Amino acid sequence: MIKVLDYGMGNTASMLNMIRKAGGQAELCALPSELDSVSAIILPGVGSFDNGMTKLENSGLLEALRCKVIEEKVPFLGVCLGVQLLFEKSEEGKLPGLGWIQGDVKRFDFSDISSNKSLKVPHMGWNIVNPKTYENLFSGLEDEARFYFVHSYHVNCANSSDILATANYGYEFTCSVRHDNIWGAQFHPEKSHRFGVQFFKNFLKEIGHA
């Protein structure tokens, strides 16, 4: 069973609905014991970095998550704040992140781009995503990969091999990552209509649920 982490920071209902539309089954998980029979884990997130890490710590899920994801290699997907928490640190806060992917999280900065000073932060709305490959989570989106974004910060991978896709808002930034059994998306696939349905169909295939 796919488990969507319920730690008080995400659009859990939207996530469950979109997974069902894609043909999968998922349920919420708020306790470490509920990860015993998990086939994949999704970490949604809306809000600030430090608040997200604090709520994860207070949930009691961190050690169980580390065992499942790092030791047992259970497939894991972080969405929006959920992908940022995978990294080592963020300009938004002082607490360390999970550190499962090397790199950090930076705020959009247009100070060196004179032609784009009118761009607003947060980056909000639909944007084209440019995958490095269409063989995995972006399969079937070769004609157009368009997703919904709401964020002021973006991830910065230390290793380019972890970058799965980029988007452009004033400058090119990483919007999707992959490291071993860990995936991440800065955009909201659960709010991205047919593009999100295809994204989750691909995720289900990647984890052997299709």
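Where is the place of Phe195? I looked it up and found Phe195 in helix H5. I note at the start that this is a predicted model.

**Entry: Phe195**

I checked the accessibility of Phe195 and got a relative accessible area of 3%, so Phe195 is buried. I then listed its neighbours, leaving out residues up to four places away in sequence: Phe195 touches Trp126, Leu141, Glu144, Ala145, Arg146 and Phe147. I also took one distance across the chain.

**Entry: H1 against H5**

I stayed with H5 and looked at how helix H1, residues 12-21, packs on H5. The axes are 8 Å apart and the angle is about 75°. Angles of 65 to 115 degrees count as roughly perpendicular, so I recorded H1 as roughly perpendicular to H5. On the H1 side I found Met15, Met18, Ile19 and Lys21, and these meet His193, Gly196, Val197 and Phe200 in H5. Sorted by class, the contact of H1 with H5 has five nonpolar residues, two polar and one charged.

**Entry: Gln186**

Next I looked up Gln186, which sits in the loop between strand S13 (182-185) and helix H5 (193-206). Is Gln186 buried or exposed? Its relative accessibility is 1%, so I counted Gln186 as buried. I searched for polar partners and found that the side chain of Gln186 makes a polar contact with the side chain of Gln84, at 3.0 Å. Leaving aside residues up to four places away in sequence, I listed Cys80, Val83, Gln84, Phe149, His151, Tyr153, His154, Val155 and Cys175 as the residues that Gln186 touches.

**Entry: cysteines**

How many disulfides does a search of the whole structure find? I ran the search and got zero. I followed up on Cys67, which is in no disulfide: the nearest cysteine sulfur belongs to Cys29 and is 14 Å away. A disulfide needs two cysteine sulfur atoms within 2.5 Å. I noted Cys67 as partly exposed, because its relative accessibility is 24%. Cys157 is also in no disulfide. The nearest cysteine sulfur to that of Cys157 is the one of Cys175, 11 Å away.

**Entry: Lys3**

I then turned to Lys3, in strand S1 (residues 2-5). Its relative accessible area is 3%, so I put Lys3 down as buried; the cut-off for buried is under 20%. What does the side chain of Lys3 reach? I found the backbone oxygen of Glu34, at 2.2 Å. With residues up to four places away in sequence not counted, Lys3 touches Glu27, Cys29, Glu34, Leu35, Ser37, Val38, Ala40, Ile41 and Ile42.

**Entry: Thr133**

Last, I looked at Thr133, in the loop between strand S8 (130-131) and strand S9 (146-151). Thr133 has a relative accessible area of 23%, so I recorded it as partly exposed. A polar atom of the Thr133 side chain lies 3.2 Å from the backbone nitrogen of Glu135. Not counting residues up to four places away in sequence, I found that Thr133 touches Phe138 and Leu164. I also noted that Thr133 and Ala165 are 32 residues apart in sequence and 8.0 Å apart in space, C-alpha to C-alpha.

Technical notes: Residues numbered from 1 in each chain as written. Predicted model: local features only at pLDDT ≥ 70, side-chain atom pairs only at ≥ 80, totals over all residues. Heavy atoms only, no water. Buried < 20%, exposed > 50% of the residue type's maximum accessible area, 1.4 Å probe, protein only. Helix = DSSP H or I, 4+ residues; strand = E, 2+ residues; numbered from the N terminus. Polar contact = N/O pair within 3.5 Å; in protein donor to acceptor, adjacent residues only side chain to side chain. Contact = heavy atoms within 4.5 Å. Axes fitted to C-alpha atoms, helices over the stretch in contact; angles between N-to-C directions. Parallel < 35°, antiparallel > 145°, perpendicular 65-115°, else oblique. Nonpolar A, V, L, I, M, F, W, Y, C, P; charged D, E, K, R; others polar.
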